[in-house]
Amino acid sequence: EFTALAIANIPHTIFAVGGQTENSEPGVEFTSPFVVQLFDQYDNLIADFPVEFSTELGNIKGQKTETVRTDNEGKAQVFWTPFEYLGPRQTLTATAPPSLQVQWHIPGVSVDANQSSITATTPLEADGVSESIITVTVRDSSGQSAGAGLTVLVSATGSGNTLATNDTLTN
């Protein structure tokens, strides 16, 4: 008697089978998991294989990366918490060695100049010696903070004006 057993062991295909980013709320964990499923070159499910989930903004269980092994259905999943501010596009990446990837994205924010503001701590007179701290508040079209990491460029017109900027990124 002869028995042959085929064991799937090298991923050939990775599919996103769960996870929606449409109704994301900054800083709040998604209620549904982000799920991938692995298959070998013969379309067999791959169980007990490591999948690394990673994000640059937000977190997975308080970390930037989390490695999860696939279950008996070839699935690995995590719950993702997006970054607490709207801002640059956010990405969650699932990677299965050697180089298979799936990504989910939360679109970046569109800055609205009409909702944003610029204020000075004191009135500025054109006397060549007046100083003030200028604060720029960047908002999106719904009036929410546009988030951290956005570049703000401020310029002055006229002659003899000097602008010193400590930081050009929003916080």
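Predicted model: local features only at pLDDT ≥ 70, side-chain atom pairs only at ≥ 80, totals over all residues.
Q: In what order do the four strands of the open sheet come?
A: The order is E4-E3-E6-E7, with antiparallel pairing. Strands (E, at least two residues) are DSSP runs numbered from the N terminus, and two of them pair if DSSP finds at least two bridges between them.

Q: Which strands are at its edges?
A: E4 (65-69) and E7 (100-106); each has a single partner strand, so one side of each lacks a neighbour in the sheet.

Q: How many bridges join E3 to E6?
A: Four, between residues 50-55 and residues 90-96. Phe53 stands opposite Ala94 in E6.

Q: And the three-strand sheet, what order is that?
A: E1-E2-E5, also an open sheet with antiparallel pairing.

Q: What does Ala16 stand opposite?
A: Val36 in E2. E1 and E2 (residues 34-39) pair over five bridges.

Q: Switching topic: which residues lie nearest the centre of the largest pocket?
A: Ser132, Ile133, Ile134, Leu163 and Ala164, out of 36 lining residues. A pocket is an open set of points on a 1 Å grid over the protein atoms alone, where a 1.4 Å probe fits, with protein on both sides within 12 Å along at least five of seven lines; lining residues have an atom within 4 Å of a point.

Conventions:
Residues numbered from 1 in each chain as written. Heavy atoms only, no water.
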